[in-house]
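I set out to record what I looked up in this entry, topic by topic. The notes follow the order in which I went through the coordinates.

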Amino acid sequence: MAKKPSRHFVCRACGAVYPKWVGQCEACGEWNTLVEEAVEPLAASSPRASGKGRRVKLEGLEGMAAPPPRTQTGIIELDRVLGGGLVPASVVLVGGDPGIGKSTLLLQAACRLAGKGERVLYISGEEAVDQIRLRALRLGVGTAALDLAASINVMDIVATLEAEPDVKAVVIDSIQTMWLETVESAPGTVSQVRACAFELIRLAKRRGFSLILVGHVTKEGALAGPRVLEHMVDAVMYFEGDRGHQFRILRAAKNRFGATDEIGVFAMTDRGLEEVSNPSALFLAERRGNIAGSAVFAGLEGTRPVLLEVQALLSPKSGDGAPRRAVVGWDSGRLSMLLAVLETRCGLKLSGMDVYLNVAGGLKVAEPAADLAVAAALISAASGVPTSSGEVYFGEVGLSGEIRQVAQADARLKEAAKLGFDHAVLPRRVARGSARSKPPEGLALREIGHLSDMISADMEAD
């Protein structure tokens, strides 16, 4: 008798496998995410079960490896995050919240590529061809020589791509809508997403075209589907932004052909996504001077310096509970640490105040260099004295209140001088005569070694 297929349970959120159903996935902590899957056993006479493998060729580490050729999409911000453009036979996974602009960005990129004479296919499983045409007309790219298709059957898509010569790039929107006949489950399930992605990736590697997959995200912001999908692709990019802001940030979480610390900045308009070549000017466009609780941070996103406004608001504690700590765009744990340092080391009484902190513009800041700018905004809010409108801040704050050095200080100073700032507050050099290039013309530096130095200097200026 033929052996019946065994069954196991797979988590839809992370792809963990269990022999029986449990309510909570131990790997990711999600509840009610396990679905049942059949596992077809290999027959004893199957070539896969009894055949012997070939010996693979072993090579040494020495040798010259030329950088991979790239095809630029024509969108500079997208090419920056990709590492210089699309690599042949590479697979890119783009995730983001619904309606954030993933399809808009990729349709614009596909039309730019097609306008350069490249053969590009845009295959949608969520929209009809007429809907894509209407969006292209609205974006002003309706005349591009782009090939469109609407299908969710992966085998039909594979057969079409096999028959089409000279395909340079293929966009699949989205991988969660794809369906494979040999898998007995609905589109979007773990098994379907994994199997469909495997078929498409294998074809892209064999035929040599660039494959871009659009992926949905969960409510926590992670890519939906099995975690193994992220390991199968060459690059994972997230399209971030708040619908209340016009700014959109594209950042790479994984990139086998480039850096993962670059960002691309876009602005959503009625004509689609427009590139922002100078994000600092855009983020500071609505800044008002002479407002207590505001400070400008000279940050760094990858190799790009970015100036942002940090806003702080203090109000008396409401009610009998613990004071409120609300943070947008920064780490709430780091804010608690900074508040403790200001109270313990500098004598500011903030324990009885509700604290609200916001990074204006919708950008999320992760680097510790923002500590000094946040501290300046909190000190300004506590004292009621505005910071100078022409001053920028950057530096890491330690638990004893000392100001520590941060990377790429020269690039931050050049960006500040380019936007017309005339003062910069930064960490003091560790040793006299230590290496630091001459500051840009017109920019005065104020080096401090401790947070108390900044408080006392502000009080003297007042």
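Predicted model: local features only at pLDDT ≥ 70, side-chain atom pairs only at ≥ 80, totals over all residues.

Entry 1: I traced an open sheet of seven strands, ordered 15-16-14-13-17-20-21, with mixed pairing. I then looked at its edges, where I found strand 15 (325-328) and strand 21 (444-448). Each of these has a single partner strand, so one side of each lacks a neighbour in the sheet.

Strand 15 pairs with strand 16 (residues 353-359) in the parallel sense, over four bridges. Within this pairing, I found arginine 325 opposite valine 355 of strand 16.

**Entry 2: the helix on the sheet.** Which strands does helix 10 touch? I listed strand 13 (294-301), strand 14 (304-316), strand 16, strand 17 (391-393), strand 20 (423-427) and strand 21. The direction of helix 10 makes about 30 degrees with that of strand 14.

I next examined helix 10 itself. It comprises residues 371-383, 13 residues in total, and reaches 18 Å from first to last C-alpha, close to the 18 Å expected at 1.5 Å a residue. Is helix 10 mostly covered or mostly exposed? I found it mostly covered, with 10 of its 13 residues buried. The buried residues run from Asp371 through Leu372, Ala373, Val374, Ala375, Ala376, Ala377, Leu378 and Ile379 to Ser380. After the helix comes glycine 384, for which I read a positive phi, near 80 degrees.

**Entry 3: helix 5 and helix 6.** I found helix 5 (residues 154-163) packed with helix 6 at an angle of about 5 degrees, the axes being 10 Å apart. The two helices are therefore roughly parallel to each other. From helix 5, Val154, Ile157, Val158, Leu161 and Glu162 take part; they meet Cys196, Glu199, Leu200, Leu203, Arg206 and Arg207 of helix 6. By class, I recorded seven nonpolar, no polar and four charged residues in this contact.

**Entry 4: helix 3 and helix 4.** For helix 3 (residues 102-115) and helix 4 (residues 129-139), I noted a packing angle of about 75 degrees and axes 11 Å apart. This makes helix 3 roughly perpendicular to helix 4. Helix 3 contributes Ser103, Thr104, Leu107 and Gln108, and helix 4 contributes Ile132, Arg135, Ala136 and Leu139. I classed the residues of this contact as four nonpolar, three polar and one charged.

- I found a cis peptide bond between aspartate 173 and serine 174, with omega about 0 degrees. Serine 174 is in the loop between strand 7 (169-173) and helix 6 (190-207).
- Asparagine 32 has a positive phi, near 55 degrees. I placed asparagine 32 in the loop between strand 2 (17-18) and strand 3 (34-39).
- Alanine 89 also has a positive phi, of about 65 degrees, although it is not a glycine. I located alanine 89 in the loop between helix 2 (76-82) and strand 4 (91-96).

Notes. Residues numbered from 1 in each chain as written. Heavy atoms only, no water. Expected span 1.5 Å × (residues − 1). Buried < 20%, exposed > 50% of the residue type's maximum accessible area, 1.4 Å probe, protein only. Pairing = 2+ DSSP bridges. Contact = heavy atoms within 4.5 Å. Axes fitted to C-alpha atoms, helices over the stretch in contact; angles between N-to-C directions. Parallel < 35°, antiparallel > 145°, perpendicular 65-115°, else oblique. Nonpolar A, V, L, I, M, F, W, Y, C, P; charged D, E, K, R; others polar.
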